[in-house]
Amino acid sequence: MHRSGSPHGSGLGIFRYVVERTLAWLHGFRRLRIRWERRDDIHEALLGLTTCLITHRHVQRLCEDL
């Protein structure tokens, strides 16, 4: 296992951790983890809503720390 921010041996770079963490956040939402939607547009809309919720939570935490 690699530390966050350290380069990966396969040349994927330091951003691999960020991508894996973000995908883990998205999979935390059950409706996205198990795809119930048959229509792509609905699934894409749920992805957009999920990213908004994740961003909102992080902004709230940042504002609380100030």
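Reader: Which residues is His43 in contact with, leaving aside its neighbours within four places in sequence?

Author: In this predicted model, and with those sequence neighbours left out, His43 is in contact with Leu32, Arg35 and Glu37.

Reader: Where does His43 lie, and is it buried or exposed?

Author: His43 lies in helix α3, and its relative accessible area is 15%; because buried means under 20%, His43 counts as buried.

Reader: Which residues are buried in α3?

Author: His43 is one of them, and Thr50 and Ile54 are buried in α3 as well.

Reader: OK, Thr50 then. What is its relative accessible area, and which residues does Thr50 touch, not counting those up to four places away in sequence?

Author: Thr50, which is also found in helix α3, is buried with a relative accessible area of 5%. With residues up to four places away in sequence set aside, Thr50 touches Leu26, Phe29 and Leu32.

Reader: How many residues does α3 have, and what does it reach from its first C-alpha to its last?

Author: Helix α3 covers residues 40-65, which gives it 26 residues, and it reaches 38 Å from its first C-alpha to its last, close to the 38 Å expected at 1.5 Å a residue.

Reader: Changing topic: how many salt bridges does the structure hold, and which side chains meet there?

Author: The structure holds 1 salt bridge, in which the side chains of Arg39 and Asp41 meet at 2.6 Å, N to O. Side chains of opposite charge can pair when their charged atoms come close.

Reader: What share of the chain do buried residues make up, and what does its accessible surface come to?

Author: Buried residues make up 9% of the 66 residues, while the accessible surface of the chain comes to about 5900 Å², with 59% of that belonging to carbon and sulfur atoms.

Reader: Last one: what share of the contacts with a separation of 6 or more comes from residues 24 or more positions apart?

Author: Residues 24 or more positions apart account for 25% of those contacts in the chain.

Definitions and conventions. Residues are numbered from 1 along each chain as its sequence is written. This is a predicted model: local features need pLDDT of at least 70, side-chain atom pairs count only at pLDDT 80 or more; totals for chains, interfaces and linings use all residues. Side-chain values use heavy atoms; hydrogens and water are left out. Helices (H or I, at least four residues) and strands (E, at least two) are DSSP runs, numbered from the N terminus. The expected span of a helix is 1.5 Å times one less than its number of residues. Buried means under 20% relative accessible area, exposed over 50%, partly exposed in between (1.4 Å probe, protein chains only). Contact means heavy atoms within 4.5 Å. Accessible areas come from the Shrake-Rupley method with a 1.4 Å probe; for residues, only the protein chains shown count as cover. A salt bridge is a side-chain nitrogen of Lys or Arg within 4 Å of a carboxyl oxygen of Asp or Glu.
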